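Welcome, and thanks for taking a look at this one with us. Please open the sequence and the 3D view side by side, and then follow the notes below.

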Amino acid sequence: MRDIMKLARIGLYQPASVTGRYTPYLIELLEQERVTHTVLPSLPSIGEFDLVLRAGGSDALSSDELVYVSTGGRLLAFSLDEGPEGAAKAFGQGHAAVKGQPLRFFAGRQLRGANLERGSAAAAETSAPLVQEFTIGRGRLIHMTIDVADTIVRLQQGVGLARQDRPSAPDGTADTAEGILKADDTTTLDWIEDRGKTATGQPYFPFAHADRWRQWLVEEIVGIVSPRVLLRPAAWPGGAPAVLHLSLDSDDNDPHHAETALALLDSLDLRATWCELEGGYGGEVQKRVHAAGHEVALHYNALAMEGGVWSEETFVQQLARHNAHAPVNAVSNKNHYTRFEGWDEFYQWCDAGGIRLDGTRGPSKMGNRGFLYGTSFPHRPAAFDPGAPRHRVYSLPFQTADIDFEPQRWGDNSIIGPLVDEVMAVGGCLHLLNHQRWLHKFASVREALTRALSASRSRGMVAMTGKEIADWIDALRAVRVTAAGNGIVAESLPADAVLEVLSADGTRRLPPPTPDGAVLLAS
C-alpha cells in the first residue's frame with residue numbers, strides 16, 4: 001500500500017497592532033507563491049494548523065503568543081526585538097547567503113538562547129544566522145532574523161517618497177540625478193555592492209533579490225511542516241518555466257513606426273502590449289493592432305517638458321481620452337519616461353481607473369538595467385501605511401529597454417543571456433521594453449529583439465500580453481487547495497494550470513485532476 005502524503009495547513013496570523021515595518025505584506029508573498037492559507041484574526045487552537053506565520057504585531061511576542069507556542073503550537077516570527085531570553089541584538093544592512101547568492105537586506109535582529117541556528121546574514125559590523133529555532137514547552141518558535149516581507153517591499157518599492165533624484169552611479173553609467181522624478185529614484189540596491197558586469201563589461205543588477213527571498217521563505221516553510229507537503233498550481237500556463245512580456249511605447253505616435261512594428265511582430269509570431277502616448281496612432285491603426293492579437297494600452301505622460309502633469313486629474317483625463325478611441329478600454333499602462341512621484345498615489349489612480357497591470361518600474365539608464373527592483377514577478381504594491389490593504393493593480397517591472405540602440409549609451413545585447421538565465425532561475429517574467437520608432441529606424445534594435453525572443457523560446461518561455469498576465473494571476477489567486485479524504489480538491493483551477501507538490505524532497509508535477517477537481521496525493 002502506498003503512503004498518503006498529507007497537506008500542510010498554513011495559518012497567517014495578523015495581530016491588530018502593526019509596527020512601521022511591512023511584515024503584513026506576507027499575505028502578498030503567499031499569494032504570489034500560490035500557497036493556500038487561512039488568514040487568522042486571532043491565534044488558532046493547538047493542532048488546527050501545522051504552522052502559523054506572524055504577519056505583524058509588536059516587536060515582542062505577546063503573552064497569548066507565548067502560551068500558544070508553549071502549549072504545542074508552531075509559530076514563525078520575523079525580526080523580533082525581544083525573545084524568550086531578552087532583548088535582541090540588532091544589526092544593519094548587508095547580504096545573506098541564500099543558495100549561493102548574496103541577497104540584500106536592510107536590517108536584522110538576532111535573538112539569544114536559540115536551540116538551533118542556520119544560515120548566514122553578514123552586515124558590516126557582525127554576522128548572524130538567518131533562522132533560529134526555540135523549543136518552548138511543547139511547541140516551537142521559528143525566528144527569522146530578517147523581516148522577509150519588509151525587505152521585499154523595500155526592494156520593490158524603495159524607501160521613502162519619490163520626492164528627489166537618486167544620486168547617480170559613481171562610474172557615470174546611470175545619471176539618475178537629472179532633475180526628473182522617476183521610478184528608479186527610490187531604488188535601494190547599491191551601485192557598487194549589488195551590480196555585476198556583462199561579458200562586454202556593462203554594469204547591471206544581476207539578481208532578482210525579492211524573488212529569491214520569497215522563494216527561500218517558501219522552501220523554509222516546506223522544511224518546517226515536513227513530512228506534510230504544500231500543493232499549488234505552477235506559476236504559468238501549461239507549467240511553462242517562465243514567460244516573456246514585450247511592451248512597446250509609442251512616444252511620437254508616427255504611424256510608419258507602427259507599421260514596421262506590426263510587420264516585425266507578425267514575422268516573429270509575437271504579441272505585445274502597445275502603450276500609446278496621448279493621441280495614439282489613430283483609430284484605424286489601433287483596430288489593426290487589436291485585430292492582430294496585440295493589446296492596446298495607455299502610456300500616461302507626466303513629463304513636464306512635453307506638457308505633462310503629475311496629477312490624478314491629468315491621469316484620469318488621459319485615460320478617458322484613450323478609452324474613448326481605443327478598441328477596448330485600457331487595462332495596462334506604463335508611464336512615459338518612467339515618471340513617478342510619491343509612494344503609492346499613482347497605484348490608487350490605477351485602481352480607480354481599471355488599470356490592472358502597470359509596467360512603469362524599470363531602468364532609465366544603461367547602468368541600472370537588470371533586476372533593479374529585485375523582482376521579475378507581477379505583484380500587488382504595498383500601500384504607504386503598512387497596515388493598509390495592498391493595491392489591486394499588479395506591478396511588473398521591465399529589465400531593459402531598446403537593446404542595441406546606441407549600445408554604449410543605452411546598453412548592448414550582452415545582457416540578454418544573463419537576463420534569461422536569472423528569469424529562468426526564479427521562474428519569472430522577462431519583461432522587455434521597445435519603442436516602435438527605434439524598431440523602425442535601427443536594424444540593430446530589431447535584431448536584438450529577435451535574438452532575445454529566440455533565447456527565451458529556446459528555454460521554454462511563452463509570450464503573454466499584460467492583460468493575459470493579469471487575467472492569469474487573478475485566476476491563480478482564486479485557486480484554493482483543500483484536503484479531501486486521501487487526496488485534495490483544487491477549487492477554481494484554470495484549465496491550463498499544472499499542479500505541483502512541494503516537499504522536503506523537492507518539487508514534482510502531478511497528473512491533471514479529475515473533473516471534480518480531486519487529486520490523489522500518493523507518494
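Tyrosine 300 has a relative accessibility of 0% in this predicted model, so the residue counts as buried. A search of the whole structure turns up 23 aromatic pairs, and tyrosine 300 belongs to one of them: its ring and that of phenylalanine 346 have centres 6.3 Å apart and planes at 10 degrees, so the two are stacked. The notes below start from these rings and then move on to the helices.

**Aromatic pairs**

- Tyrosine 300 sits in the loop between β21 (295-298) and α7 (312-325), while phenylalanine 346 belongs to helix α8 (residues 345-353), so their pair ties together parts that are 46 residues apart in sequence.
- Phenylalanine 346 is buried as well, with a relative accessible area of 0%.
- Phenylalanine 315 and tryptophan 349 make a tilted pair, at 6.0 Å centre to centre and with 35 degrees between the planes.
- This second pair also links distant parts of the chain, since phenylalanine 315 is in helix α7 and tryptophan 349 is in helix α8, 34 residues apart.
- Both partners count as buried: phenylalanine 315 has a relative accessibility of 0%, and tryptophan 349 has one of 6%.
- Which residues do ring pairs link into a cluster? They are Tyr300, Trp310, Phe315, Phe340, Phe346, Tyr347 and Trp349.

- How many residues of α3 are buried? The count is 10 of its 10 residues, and the helix is mostly covered.
- The buried residues of α3 include the charged side chains Asp150 and Arg154, along with Val148, Ala149, Thr151, Ile152, Val153, Leu155, Gln156 and Gln157.
- Among the elements that cover these buried residues are α1 (26-32), β4 (74-78), β9 (101-105), β15 (139-144), α4 and α8.
- Just after α3 comes glycine 158, which takes a positive phi of about 90 degrees.

**α3 against α4**

- Two packed helices are described by the angle between their axes and the distance between the axes.
- For helix α3 (residues 148-157) and helix α4 (residues 209-225), the axes come within 9 Å and cross at roughly 165 degrees.
- That angle is over 145 degrees, so α3 and α4 are roughly antiparallel to each other.
- Their crossing is left-handed.
- On the α3 side, the contact is made by Val148, Thr151, Ile152, Leu155 and Gln156.
- On the α4 side, His209, Ala210, Trp213, Arg214, Trp216 and Leu217 take part.
- By type, the residues of this contact divide into seven nonpolar, three polar and one charged.

**α4 against α10**

- Helix α4 also packs against helix α10 (residues 416-426), with axes that come within 10 Å and cross at roughly 20 degrees.
- Are α4 and α10 roughly parallel or roughly antiparallel to each other? The angle is under 35 degrees, so α4 and α10 are roughly parallel.
- The crossing of α4 and α10 is left-handed.
- Here Asp211, Arg212 and Gln215 in α4 meet Glu422, Ala425 and Val426 in α10.
- The residues of this contact divide into two nonpolar, one polar and three charged.

Terms used: Residues numbered from 1 in each chain as written. Predicted model: local features only at pLDDT ≥ 70, side-chain atom pairs only at ≥ 80, totals over all residues. Heavy atoms only, no water. Axes fitted to C-alpha atoms, helices over the stretch in contact; angles between N-to-C directions. Helix = DSSP H or I, 4+ residues; strand = E, 2+ residues; numbered from the N terminus. Parallel < 35°, antiparallel > 145°, perpendicular 65-115°, else oblique. Left-handed = near helix turned anticlockwise from the far one by under 90°. Contact = heavy atoms within 4.5 Å. Phe/Tyr/Trp six-rings, centres within 6.5 Å; stacked < 30°, edge-to-face > 60°. Buried < 20%, exposed > 50% of the residue type's maximum accessible area, 1.4 Å probe, protein only.
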